[in-house]
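This report walks through selected parts of one protein model, moving from a sheet to single residues and then to a pair of helices. Please keep the sequence and the structure in view while reading.

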Amino acid sequence: MGPVVSCCPDGSFGVKLLAKPSLRAESRRVIPGRGRRDSLYLRETIGLRITLIFLWLLCASRPDALAQEQHEDEIVANLAGGRAIVHVAKDVIVFAAIDQPVERNSIPPRVMDLDATHIGVLFGASEWRIPADPKPVRLDRNFQRVARADPRYQAAPGEGETDLETIGIAFLEKLRPLVAQLHHKLDFSADDPIFQIVIIGYAPNDYGPEVWVVEYRMEQEQVATRGDYWQTRVQRPRFTQLYPPEKHAPRTIVESRYPPDSKGPTLAEMIHGNDPNITHLGSGEPRFAKVLDNLRGGQAQKAATVDSADFMRAVLPLIAGGAPFVLGTMDERHGFEWMVPPEEPAEKVQEDKNRPPDAPTLRRPPKP
C-alpha cells in the first residue's frame, strides 16, 4: 500500500562502529591480573552502546513501521460506475441505472429508498471493505429513512432543500469514519467526487418531480512527523439540480454519469440527433413515435405514462451495449415499482415500526 522506509538500501537497519585506538591502547597498559577483567568491561560497554544505538534507531523508525502496518490493513473502497437516466413523464417518473464498471471487481449502481417520496441511485464508493472483515460495509444498508423536515427551515445558499440536505448529511455521517481510515496518498482529483447520489422523487408543497445530483469530495493532508501518512477528510455534499429545468427551458430526459467525465452521447443527445436505432424504434411503434415527438419538442412531461415506461424499456438495451441495467417507475401516490429489478437478491432489513404498510419500497416482490 505504501513504500517501506528503511535506513539501508536493502530495507534493513545497520549500525557502523568506528574503532577507537585510545581504548585499545589503554587496554594493553593494564596491571597484570586485571587486563582480562578490564577488556571484558570495555567489550560489555561497547556492546551496551551498540544495543542502545540500535534501539534508538528502531524507536525513531517506529512511526514509519506503524504507518506501513496501517497501510497493509487499510480500508478499500469499491466504486460503482455507470449512468442514471430519468424521464419525467405525465404522472410518473421513469428511471434507469446502467452498470458500467470503472475498475476490476466494481460493484453495480444500487438503488435505495430515502424517504416516503424519494429514491437514490448510489455511485462511487458505496461499498467499503476491510481486509480483516469479509463482510463489506454498504452505504445502502442500515440507512435510517429520513422523516419530513420542518418546512419553516430555510437551507443555506449552495445547499439542497431541507429534506434533501437532511439526506445529504445522513450519508456524510456514514462516510466520515470510513474515509478517515484512508492513510495513503490517493491518485484522486480533488474535483472528482468519491461518492455520488442521484436523488429522484417528489418535492414537498406540491412542487412536483425533482432530480438532484449530490456529490461528496475529499481532501488529504500529509502528517509530516509520520512519513508517508495522510489524513483524509470528506467534505460537505454539493447539490446540483437536474430537474425541473429553468423556467421556459425545454423539458427532456436528464442523465448523470459516474465518473462525471465518461465519454459518449447521452440518451437525450441521441434522440435529438436522430440516432438511427432510436429513429427505427419510433418508426416501428406509433406510440413510441409520440413519446419521441414530446421529447424532441421539449415537452417530456406530456408524454403518456405507460407509453413512456414501455419506451424506456425498449430503448435501454439499445444504449446499454449488453451491460446490466435496472428500470423502475415512481409516482407520487402509488410509490415505486420495478420493471427490470436488480439481479442482486434482496436481503432482510429491519422494519421501521412507524412505516405505513402502503409506503413505497424497493424490495423485489416474493416469487409465488
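The model is predicted, with local features requiring pLDDT of at least 70 and side-chain atom pairs counting only at pLDDT 80 or more, while totals for chains, interfaces and linings use all residues. Residues are numbered from 1 along each chain as its sequence is written, and side-chain values use heavy atoms, with hydrogens and water left out.

**The open sheet**

Five strands form an open sheet in the order β12-β2-β3-β13-β14, with antiparallel pairing; helices (H or I, at least four residues) and strands (E, at least two) are DSSP runs numbered from the N terminus, and two strands pair if DSSP finds at least two bridges between them. The edge strands, each pairing on one side only, are β12 (254–258) and β14 (335–340). From one strand to the next, the twist averages 20°, where axes are lines fitted to C-alpha atoms, for helices over the stretch in contact, and angles run from 0 to 180 degrees between N-to-C directions. Helix α8 (residues 305–320) packs on this sheet and touches β2, β3, β13 (325–331) and β14, its direction making about 165° with that of β13; contact here means heavy atoms within 4.5 Å. Within the sheet, histidine 87 has valine 94 of β3 as its bridge partner.

**Two buried residues**

Valine 86 lies in strand β2 and counts as buried because its relative accessibility is 1%, the term buried meaning under 20% relative accessible area, exposed over 50% and partly exposed in between (1.4 Å probe, protein chains only). Beyond its neighbours within four places in sequence, valine 86 is in contact with residues including Ile93, Phe95, Ile200, Val211 and Val254. Although valine 86 and glutamate 255 are 169 residues apart in sequence, their C-alpha atoms are 6.3 Å apart in space.

Serine 256, in strand β12, counts as buried because its relative accessibility is 9%. Its side chain makes a polar contact of 3.1 Å with the side chain of glutamine 196; such a contact is a pair of N or O atoms within 3.5 Å, where within protein one atom must be able to donate a hydrogen and the other to accept it, and residues adjacent in sequence count only if both atoms are side-chain atoms. Leaving aside neighbours within four places in sequence, serine 256 also has Gly82, Arg83 and Val213 among its contacts.

**Antiparallel strand pairs**

| Strand | Partner | Bridges |
|---|---|---|
| β2 (residues 82–89) | β3 (residues 92–99) | 8 bridges |
| β7 (residues 195–203) | β8 | 9 bridges |
| β8 | β11 (residues 238–243) | 5 bridges |

Strand β8 (residues 208–216) is mostly covered, with 8 of its 9 residues buried. Tyrosine 202 has proline 209 of β8 as its bridge partner, and tryptophan 212 is partnered with glutamine 241 in β11. In the hairpin of β7 and β8, which has 4 residues between the strands, asparagine 205 takes a positive phi near 60°.

**A helix pair**

Helix α6 (residues 276–283) and helix α7 (residues 286–296) pack at an angle of about 130°, with their axes 6 Å apart. The angle makes α6 oblique to α7, because angles under 35 degrees count as roughly parallel, over 145 as roughly antiparallel, 65 to 115 as roughly perpendicular and the rest as oblique. Among the residues making the contact are Ile278 and Leu281 of α6 and Phe288 and Leu292 of α7.
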